[in-house]
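Colleague: Before we discuss the labels on this model, please show it. I would like each label set against its definition.

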Amino acid sequence: MRFKRVLHESMAEMIGTMFILLFGNGVCAMNTLFNLGGYVNITFAWGLGVFFGILVSTRISGAHLNPAVTLALCLTKRFPAFKAPFYMLAQMVGAFLGALIVYYFYQAKFVMVDPQLTHSAGIFTTFPVSKAFIPAMMSEIIASAVLLFGILAIVDHFIHDSAPFLAPFAVAMLVVGIGMSFGGMHGYAMNPARDFSPRLLTALLGFKNNGLTDGSTIWAQAILGSLIGGPIGAFLYDFTIGRKVSNE
């Protein structure tokens, strides 16, 4: 029975994460392939993806939708560790599926705009302004720490005010705000699933300059940065203004 429950929760995590990528990669495709929209559109669409991803999953799984969130909640004893591998795997699969659907949807336009797939991998994944490893990773650490600190504050605030239905909107606006304020240096991945799974897809589909099979370390910056920054943000929240929460 417990395994069935975890499987159900993992399915919700997969679908919720897929929704994030559908909107996020979709808006990037519109911007790159059709020159429609701009950075404001991109930040709001990623926020909408998070909003709908939370809506479809929160009542079932709690809507982590991000391995960095799951890790941070485990380390701060808000979430049982035995569920974490299932959640993280589901999030990675969901992000891959979301990116795959976007690619299939726009495949005909890819043939027109970038037939050799040499310069459009950025639709699916992030690339830093600087090739130096530390600045890019630090930007992800800071953004991810802000994300987790903000999420925990939002959840505590709305639960205390008996208005949990407002939390998805607030988290979505948090993501929009981080994108507008901190998105330039690395693309504010803040989520290993959101960054690595679509990057893996680009490598499998033959995209050049994908940050994974081109000899660079770009793929590692977002992963390490978010997995370090997320727990830092959670610990800082607990150390400063957070209320102690136990999963037991």
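Predicted model: local features only at pLDDT ≥ 70, side-chain atom pairs only at ≥ 80, totals over all residues.

Modeller: Residues are numbered from 1 along each chain as its sequence is written, and side-chain values use heavy atoms, with hydrogens and water left out.

Colleague: Why is the pair of phenylalanine 124 and phenylalanine 207 called edge-to-face?

Modeller: Rings of Phe, Tyr and Trp (its six-membered ring) pair if their centres lie within 6.5 Å; planes under 30 degrees apart count as stacked, over 60 as edge-to-face and the rest as tilted. Here the centres are 5.7 Å apart and the planes stand at 75 degrees, so the pair is edge-to-face. Ring pairs also join Phe124 and Phe207 with Tyr103 and Phe110 in a cluster.

Colleague: What makes phenylalanine 124 buried?

Modeller: Buried means under 20% relative accessible area, exposed over 50%, partly exposed in between (1.4 Å probe, protein chains only). Phenylalanine 124 has 1%, so it is buried. Phenylalanine 207, at 3%, counts as buried too.

Colleague: How do you know that the charged end of arginine 2 sits over the ring of phenylalanine 82?

Modeller: The test asks for NZ of Lys or CZ of Arg within 6 Å of the ring centre and within 35 degrees of the ring normal. The charged end of arginine 2 meets it, 4.3 Å from the centre of the phenylalanine 82 ring. Arginine 199 likewise sits over the ring of phenylalanine 127, with its charged end 5.2 Å from the centre.
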